[in-house]
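Work through these exercises on rings and cores. Try each task before you read its solution.

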Amino acid sequence: MVSKQEKVLPLPKPGERNILVTSALPYVNNVPHLGNIIGSVLSADVFARFWRGRGGNVLFVGGTDEFGTTTSLRAREEGVAPQELCDKYHKIHKDVYEWFNISFDIFGRTTNDRHTEITHDIFKELWGEGLIEIRDSEQLWCEQCKGFVFDRLVEGTCPECGCEEARGDQCGDCDWVFDITELVEPRCKIHGGRPALRPSKHLFLKLDNHGPLLENQAKEQGENWLVNAKEINGNSSICITRDGLDWGTPVPGRLVGFDGKVFYPWWDALLGYISITASGMEGESWRAWWRPSTPIAMKSHDGNDSSFNKPGDNTPKSDVGVRLSQFLGADNIFFHGILFPATLLPLDPPYTAPRHIASTRFLTYQGGRFSKSLGVGVFGDNAQQTGLSADVFRFFLLQSRPEGMEDTDFTWDRLVEVHNELFVGKIGKLVHKVLTDLNGVVPHSHDHINGPLLSSVGQTIKRFKGGVHKLLVQYVTQLKNSELRGGLMTTLELTCGSIALLDLVSSRVMLTDTYERQAVLEVGINLVYLVVRMLEPYIPKTVESLYGVLGVERPTGRLEMDWLGDQGPIKPGHEVGKWEEVEALFECIWPEKAKMWELKFGGKKKRKGGVLVCEEAKRRQKN
């Protein structure tokens with residue numbers, strides 16, 4: 001059971017932006033790798049931190065998905081009971097996310113009585129609404145296993161793209177979701193034989209009654225949702241039960257003929273967001289987030305959500321309900337964009353369904369896919385063992401976030417390059433440039449810059465400040481739309497522009513012109529402040545130290561309003577620290593270390609059956 005959190009958890013408030021953030025629940029069959037982390041957990045963390053920084057009322061929920069064939073297979077490999085395996089890897093996941101400074105409000109798991117209770121309650125409501133039907137269904141039977149095989153117990157050729165290593169319910173290559181009977185030339189993963197079709201009774205969730213509702217919602221959310229939503233019209237229902245799996249949420253016992261059957265783990269896991277919230281909060285207070293009495297904020301007539309997509313808008317005076325923002329990889333879009341709302345929206349009153357889904361493509365490892373099962377890639381514990389700070393990895397992963405239509409690639413050389421050239425070479429350079437020129441206090445120069453004797457330096461600074469506001473608005477819009485990589489690029493654009501400005505005006509200032517030199521320093525420290533504030537969701541520990549040297553408390557409120565007047569947020573006379581206090585944050589990484597880490601954590605790589613294999617896989621299998 002998830003222990004109650006020590007801190008007081010927020011509840012939705014009338015008249016405020018109530019933002020429920022979730023990150024996809026990873027399987028607990030191995031240590032999470034960097035692809036898992038950027039695909040959902042880290043991205044959701046940046047989004048949650050951004051909204052908290054703007055004063056939003058945020059609840060950030062995550063956890064581990066612990067039922068299903070992946071857990072059973074891994075437990076069999078390790079020679080332990082499934083629950084023992086779940087306990088082990090739940091702790092590993094929790095420790096890795098804590099090292100990465102993921103700011104969960106609630107971090108839980110699906111193997112608890114509360115999860116079973118809520119899953120059964122939702123199922124019974126769907127049954128009562130006539131949205132569940134019983135049908136005989138053809139399933140794959142393995143004679144050697146003496147039972148049905150399904151999902152990850154089966155491999156075959158994908159009916160969509162032709163990949164020969166597709167799983168029984170979804171292709172890992174093209175992400176297509178299909179019925180197990182569509183798998184071409186299926187084979188049992190345990191014995192290697194070809195299963196035969198045999199009828200079995202199953203429960204199906206009807207989709208045809210609310211297909212148009214989901215398709216309209218998909219149109220609002222973008223191309224990825226729309227592609228999956230169109231498939232609803234060709235699929236009147238989806239099977240939500242499985243045979244022969246003893247590690248899952250059981251179907252309620254009162255249904256005749258369903259003894260020994262469990263719910264489809266992918267459907268079951270979606271309800272984990274709700275049960276984890278319930279397990280982490282007191283009593284029935286979780287309902288305020290997941291089944292609020294106020295309606296979910298819908299799109300306005302022009303297709304925009306006025307309370308979330310327009311920077312600078314005031315929060316509406318009436319209740320805005322709860323907005324659910326979910327972060328996940330591209331392979332999870334169908335389940336979160338179709339199956340989850342198809343479960344929640346038909347109920348009366350409806351549960352909070354996703355209104356904002358932020359998915360990524362894949363972070364690859366040296367040109368190939370990360371693989372937990374094969375030990376291919378860089379894992380959370382590897383990152384800790386490098387001796388680098390978590391923020392070094394956070395910065396790289398977010399700068400490399402695959403948020404377009406293409407994958408991005410991880411190499412150790414690129415990690416070193418991004419750190420040295422962007423983090424140290426740009427951000428560190430700006431901080432160093434300003435702090436080394438200041439003598440511990442921001443000088444008085446405001447009257448000279450903006451007075452009747454406005455110099456060419458003053459004119460240049462005023463023109464630049466107009467561009468700063470535009471960049472701040474752009475940054476805010478990007479983060480509201482989950483364009484997290486774009487927001488970081490905007491931050492770096494302001495950083496580079498600030499360095500260029502300071503270089504330019506410094507070259508024009510005479511050493512004897514005290515007022516103009518003071519003006520440059522006043523502007524410089526405020527530019528550092530703005531860049532640091534923009535970086536806060538991305539590298540929080542580093543920013544905490546930088547706030548300290550700037551002598552400011554952690555700010556809240558609308559970033560884009562920080563520099564609309566003549567003076568910046570940091571006023572003349574304000575005391576600041578020395579460069580030496582933060583110099584260690586900006587140390588370069590020796591390029592030679594990239595090769596060392598590649599050998600240590602990547603091992604000797606070779607191709608085997610089209611799959612990248614490395615020595616790390618052997619080590620993980622032993623452990």
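A charge sits over a ring if NZ of Lys or CZ of Arg is within 6 Å of the ring centre and within 35 degrees of the ring normal. This is a predicted model: local features need pLDDT of at least 70, side-chain atom pairs count only at pLDDT 80 or more, and totals for chains, interfaces and linings use all residues. Residues are numbered from 1 along each chain as its sequence is written, and side-chain values use heavy atoms, without hydrogens and water.

**Exercise 1.** Find which ring the charged end of Arg135 sits over.

*Solution.* Start at Arg135. Its charged end sits over the ring of Phe204, 3.9 Å from the centre. Now take Arg242. Arg242 lies over the face of Tyr264, 3.8 Å from the ring centre.

**Exercise 2.** Classify the pair Phe50 and Trp51.

*Solution.* Recall the rule. Rings of Phe, Tyr and Trp (its six-membered ring) pair if their centres lie within 6.5 Å; planes under 30 degrees apart are stacked, over 60 edge-to-face, the rest tilted. The whole structure has 29 aromatic pairs. For Phe50 and Trp51, the centres are 5.5 Å apart and the planes stand at 70 degrees, so the pair is edge-to-face. Next, check burial (buried is under 20% relative accessible area, exposed over 50%, partly exposed in between, with a 1.4 Å probe and protein chains only). Phe50 is buried, at 6%. Trp51 is buried too, at 1%.

**Exercise 3.** Which residues have the most contacts inside the largest nonpolar core?

*Solution.* A nonpolar core is a set of buried Ala, Val, Leu, Ile, Met, Phe, Trp, Tyr and Cys residues joined through side-chain atoms within 4.5 Å. The largest has 98 residues. Leu34, Phe410 and Trp412 have the most contacts inside it. Another core, of 50 residues, lies apart and includes Leu271 and Trp290.
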